[in-house]
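Grab your viewer and follow along.

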Amino acid sequence: MGEVSVAPLPTVALHDRFARELGEMAVAWQAEPAPQPRLLALNAPLAEQLRLDPDWLRSAQGLRFLVGNAVPEGARPVAQAYSGHQFGGFVPRLGDGRALLLGELVDADGRLRDLHLKGAGRTPFARGGDGLAAVGPMLREHLISEAMHALGIPTTRSLAVVATGRPVQRETVLPGAVLARVASSHLRVGSFQYAAATGNLELLRRLADHAIARHHPEAAQADHPYRALLEAVIAVQASLVSRWMLVGFVHGVMNTDNMTISGETIDYGPCAFLDAFDPATVYSSIDHGGRYAYGNQPVVAEWNLARLAEALLPLLHDDVEQAVALATESLGGFRPQYAAAWSAGLRAKLGLPDGLDGAVAGPLAEDLLRQLEQSHVDHTSLFRVLAGAARGNAEPARGLFLDLPAFDAWTERWRALAPDPDAMDRVNPIYVPRNHLVEEALTAATGGDLAPMEALLQAVRQPYAQRPGLERYAEPAPRDFGDYRTFCGT
Ligand code: AMP
Ligand code: MG
């Protein structure tokens, strides 16, 4: 562990609610010393929202705080225990192998937010891992989580990325970094699986109560609070995954330890945004079977929620059969909620009014998606080009499709419904972190040049507002970019 100085840092009040309430799932631990901390990215607006002074965070002591080497008085950093189904196989003891929960902060709105470090050294959960993270993957999380936030999609946030000055051995030697991440909590489906697997019913109940208090307080008023908790998680996840699907986001590693109870997107590893629309798209180099392909995400979410329901069974009813019946009934809510969110989202992407008959809008949208797949159309730019078609300029859209008669027939049906192009531009992003741009930015950053990353951040932080000079950020990947693969962010 090395020596760690505990300096009083009066500007930071870190709470230890998780560690206090759920001690069985928290191992007190400290970060490895970073030899030469250097700031690579700081999210100043987020810092201010957390009532942290950005100038102080940039100072030498601030950097030591951001890598876990200067721990404020009263804080109690812990590695969290959790289980997880990884690619369908259950691992009872995963936990934070290279991460620490520094503690919780009360933000400017009075909300409790976790401050968590990723890449802070080996913990008792590290198994074979080195506990470290490389600059590229941590900046990738910074970039993509900021883009998701700007798109209005619930997500953990990145407060800062600090290079440690420690080399990390991967395929090659890479510079190391620590990501300081903020979340409404780090409770996951895997946290419940862990508590359930201990057989300690009192712990499971305490975890559920903690989750209700922090994320779904309305469940406490329900006739059956634990069932209400399950249904609340089902609801937020149905909504979240529909948002991913509408924007073409592929998470890449939807293991149950990477699915939150809060409904925030978490753990940006091998994630990516679709280029050409194709439900079979897989970017992760380790997802050989395509389990976490773009088009599978709703089904996988439902599968993960079934694992949450299983973990909660002892709290649903004393009688197992009745507990299973209740859980099954609650899980039945996922598909209709997902379908409703997806159809409403597609309708909005097509500029059609809320009240439009689903029997008209649904088949219209599905027909368009079939044509996108057939013609390998770039998912993000299509909807902006279609807004142009709604304004009367159909040629750019026509140029994207192979089967012109089919597209023309579709356009005629759609335009007869009077789509609103301005409404389309408000929900269809023009700038997303496209794979070729992310690669370009991270390669430059790993080599020491942060300018391309900062430029890309500028673009994706206002995803809907078309701005002059950003044309290349709106363009599809060059044809030779080809078969993109992401690596597991380690
Ligand atoms: P992930 O797929 O990133 O969500 O990680 C899955 C599990 O592997 C978690 O328990 C992580 O803490 C652990 N892990 C990932 N990378 C490392 C590493 N380099 N060292 C130690 N543990 C790791
Ligand atoms: Mg994870």
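**Exercise 1.** In which hand of crossing, left-handed or right-handed, does α6 pass α9?

*Solution.* First, the ground rules: this is a predicted model, where local features need pLDDT of at least 70, side-chain atom pairs count only at pLDDT 80 or more, and totals for chains, interfaces and linings use all residues. Residues are numbered from 1 along each chain as written, ligands are numbered from 1 in written order, and side-chain values use heavy atoms, without hydrogens and water.

Next, find helix α6 (residues 189–198) and helix α9 (residues 297–316), which pack at about 30° with axes 9 Å apart. So α6 is roughly parallel to α9 (angles under 35 degrees count as such). Now the hand: α6 passes α9 in a left-handed crossing (the near helix is turned anticlockwise from the far one by less than a right angle).

**Exercise 2.** Work out which residues of α6 and α9 meet.

*Solution.* On the α6 side, take V189, F192, Q193 and A196; their partners in α9 are N304, R307, L308, A311 and L312 (contact means heavy atoms within 4.5 Å). Sorting the residues of this contact gives six nonpolar, two polar and one charged.

**Exercise 3.** Decide how covered α6 is, and by what.

*Solution.* Seven of the ten residues in α6 are buried (under 20% relative accessible area with a 1.4 Å probe, protein chains only). Those are V189, G190, S191, F192, Q193, Y194 and A195. The buried residues pack against β4 (84–86), β5 (89–91), α7 (201–215), α8 (225–247) and α9.

How values were computed:
Axes are lines fitted to C-alpha atoms, for helices over the stretch in contact, and angles run from 0 to 180 degrees between N-to-C directions. Helices (H or I, at least four residues) and strands (E, at least two) are DSSP runs, numbered from the N terminus. Angles under 35 degrees count as roughly parallel, over 145 as roughly antiparallel, 65 to 115 as roughly perpendicular and the rest as oblique. Ala, Val, Leu, Ile, Met, Phe, Trp, Tyr, Cys and Pro count as nonpolar, Asp, Glu, Lys and Arg as charged, and the others, Gly among them, as polar. Buried means under 20% relative accessible area, exposed over 50%, partly exposed in between (1.4 Å probe, protein chains only).
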